[in-house]
Amino acid sequence: MNRCYLTLSSTLVMVALIAPIGRAQSAEGQGITVSGSAEVKIKPDQVVIGAVVSGEAELTNDAMVKYRDAKKRAIAAIEALKLPNVKVEASGVSVSQAMDPNAAQMMMQGRPANVGKSKVRAMENLKITISEADKSTNDALMDVIMKLIDAGRDAGLQIGSAMPSNWYQYQMEMNNGGGNQDIPQFKVTDVAAHRDEAYKKAMDDAKSKAQHLADLAGVKLGRIISIHASTGKNGNANRPIYPWMYNGGDEPAEQEDLTSGTLEEIPLKVTLSVQYEIEK
Amino acid sequence: MINIADQDDDQPEQHNTNGFSVHKEDQKTIEQFEDFQRYSEKKAWDRAFKSLGTVLDTAKNSQWLVPLRDGFFVPTRQRVADCLMSLPAEGKAAYRLFYDAQAKQLWDQCQADEAAGKGDDLDKLRNVVDRYLITGVGDVAADRLGDALMEAGDYMAAARIYEQVLMARPDSELPAVRLQTKRAIALLRGGYSQAYKELAARIREKHAGELVKIAGKQMAVEDFLDSLEKSVKSSATQPTHPTTTPAIAEQYPPIALPTGDAAWQEVFLDSAINEQISAAGNNMGWGGQMTGLTNAAPAAVADQRRVYLNWYGIVWAVDIDTGKVAWWSEPFKALSENNKAQMLIQFMVDERRFAVVLAGDNLLTVAVRLDRLQNQEPFRLNCLEAATGKKKWSSETGSLSGWAFLGSPLVMGDTIYIMAHPRENQQLSLLAIQLAGGQLLWSRELGQPQLVNGWNGMPIYPVPSLKYDQGFIYVMTNNGATIAVEAATHSIAWSFSYEIPYEPPNEGGMMVINGMWVRAGGKAGMEAGAAFLHDGKLIFKGGGISAMYALDLAGPKLSFKRPVDDDQLLAAVDDTGLYLIGPYFSFIDSQTHVLKWAPPLPTDGQRVQPLRAGNDFLVFTGRGIYRIDPAQQRMEIFRGIDVDSLGGSLLHVGNKLITVSNRAVTAYVIAAQTSAR
């Protein structure tokens, strides 16, 4: 057993040197480990536009009337467009103390600020969703998006992040990781189906590489011992996949977020690290 | 007649309260009123009257004010009159004993003057009434004063005087029905319809069948009231304050939104000038951030032929039919040449202070000469020939040369009323100026505004607005006080103080981020205040103030105060509602003061001024012209062609709707059925 290990190790090191197309190494001297990768490009099927509807006033009732009318008007304006596959979802209203942003910034600097009278702010995030976006041409989809943004802004919705009012404010936002001015987010909703396709291609790629290495080494490729997967837009969501694929159990939670700020096909990259046994 | 406020050694006491400070009597004088109250309660009449006598003798200026109630201040003499009227019968009897002789002497003098053909001297009559209303001759003197005020068209003051006689002199031999009827006439002529209705009902009930003799005619009071109402309705001369409010559609014809392309557009802030102004700001480094120079729409006004504009002192006229420039004071590029843009920034020239107003064939402008900014040139009042732009007169010379002008002028007949401060100090005064030649008729010093200094240390003045009604000029200082000045006597009738936000000194409009001063953002440019007269009430909101106020002018008394957003502009008041524009349009029920509807509105420009169109409002924003229907809670938008602008004001002339933005003047043809107003 020990001898076999040494022999195989030497062989694999040599193969790795002469076969740069694939990464092969021994895993504790028990097989062949290769990396298989695949990328599928998916047209986003959903567009999400975030918006904020709010009302602020000294009198709570005024704040609620403003919030109510702003929401009512925004939804009516969007519905009036009669666009198919467009849905507006509200996240629920929150009521909080409001503060003048200028006064807040002055106070943060330790300077006297005109805080004014206490105000109440009623606020709710809205999510405007266009579904089946993949069935439209890009031009048609952008046309719908522009209509929604214009209708929302005409109705007084804050769409996207609020614009800074001066250079310093802008600088602070950028320093704090802000500055993303993308308004629509293009998403792939059914990642699982596309990931399976990518996995299959990656497995094929891995098997091909492993078989090639085995052939070069003059050994027979055995069963898979372990698999590690990395998926996502950049293929960097690393997680063990073997127990699920080969031994059953719970499917790993879907955490991948295939989202882009630009209207383009979003790549889903899968990288598998597959360890094969060498049959004796 | 020139009446410059007293400039004696005794400086008026300035109360360092927040906001505009009117001239108030010193604390000792105010305490005399408290002494009067205390001695009156003890029936120590001699001491009580002595206290009032001390007030009248020692008061520094009869125009200086003493507190009354609810934020109101009245002139000392008015307060004295109120104190005398509040005396019980025993006190009034004592007062007559002390002062009947003096009163009769003064009254005889008034009568002698009249007999000599000198006419009524309002000041003398007032003096008798203020001091001696409760004496034997006080009632007839007051009756005469009321008549004189009626003749002068000062109906509200007349109504007040008749009411004072009724209250202070129930023992008067003057028939109560006659005084009440005169009071009713004053209210009806003055247009205080609701107050008239209530009084007429009381007269019909209390004095049914009594005869009244007015203007030589004697008849039953009910018949007289009937004929009075008919005569007012059929009168060709409309009172200043309409007796019956015309339907909104009559006052403000409905205006359809345009449907087609613009008839013409005249761009004054073209890309070349815009770039030059931006470059000028950039060359100033940090100071360049302090400008919103290209954000302000010019002040604009129109007659049937031309639109007149004032853009940082460049004044020009545009032909409404063709859109061509009829005349200009200088080309637009003058603003971007010879460092003028930099000087405007450096000297913090306040874009709110440029104004343009039509007065017949005259065009009045308030502007600063850009070529003299370095000499601390003040804002000047100029009178131009509207047809040609030729200068008729200017405050650069003559009796007005020492004044710096603030806000839009108000023209009543041949008189211009406008606010100003002397170049050498900050005291604000109301000026009356002859329209024809620009002569100063009189000035009335009103008090000291609360100023803040901008980033370069220059003071930032409030921009007041003026209203005229029933012989009174109402001055909205937009700085914590609204002041009523009687035009005939140019005396202060009362002042109302309200709360304004505290502004740290030297930080007006500025804020600090990362240790650097920057221009504060976030406000929608709604700094202008506005006021409306409706049903005997002055309803106003100061710029940047988070409340609106309604003052019942018949009191005066505070009718209501209602919190609103500080960045909103009061746009209109009618029987149905109170309307404000800003980041939200607000429709507030006029009876309950409950906010009924408040949709958001993308207003982000300066000088955004709505246009009432029937029951609707048109608002020109950076996203187009909004037509807002508060009754149906609907909005529609006409995008138009000036989409690169921040919005601005609207003018309606003939079949054209004209938008004035921070970059262009644009005319659209509107449906023919909407007529010019």
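A residue counts as buried if 20 or more other C-beta atoms lie within 10 Å of its own, as exposed if 12 or fewer do, and as partly exposed in between, with C-beta atoms placed from the backbone. This is a predicted model, in which local features need pLDDT of at least 70, side-chain atom pairs count only at pLDDT 80 or more, and totals for chains, interfaces and linings use all residues. Residues are numbered from 1 along each chain as its sequence is written, while chains are lettered from A and ligands numbered from 1 in the order in which they are written.

View 1. Of the 280 residues in chain A, 30% are buried. Chain A has seven helices and eleven strands (DSSP runs numbered from the N terminus: H or I of at least four residues for helices, E of at least two for strands).

**View 2. Helix 1 of chain B (residues 27-41) has a buried side.** Look here for B:Thr29, B:Gln32, B:Phe33, B:Phe36 and B:Ser40, the buried residues of this helix. The face turned away carries the exposed B:Gln27, B:Lys28, B:Glu34 and B:Glu41. Just after helix 1, B:Lys43 takes a positive phi of about 60 degrees.

**View 3. Nonpolar cores.** A nonpolar core is a set of buried Ala, Val, Leu, Ile, Met, Phe, Trp, Tyr and Cys residues joined through C-beta atoms within 7 Å. The largest one has 190 residues, and B:Leu309 is among those with the most contacts inside it. Helix 7 of chain B (residues 155-168) gives the most to this core, with nine residues. A second, separate core of 25 residues includes A:Val47 and A:Phe186.

Note on methods. Expected span 1.5 Å × (residues − 1).
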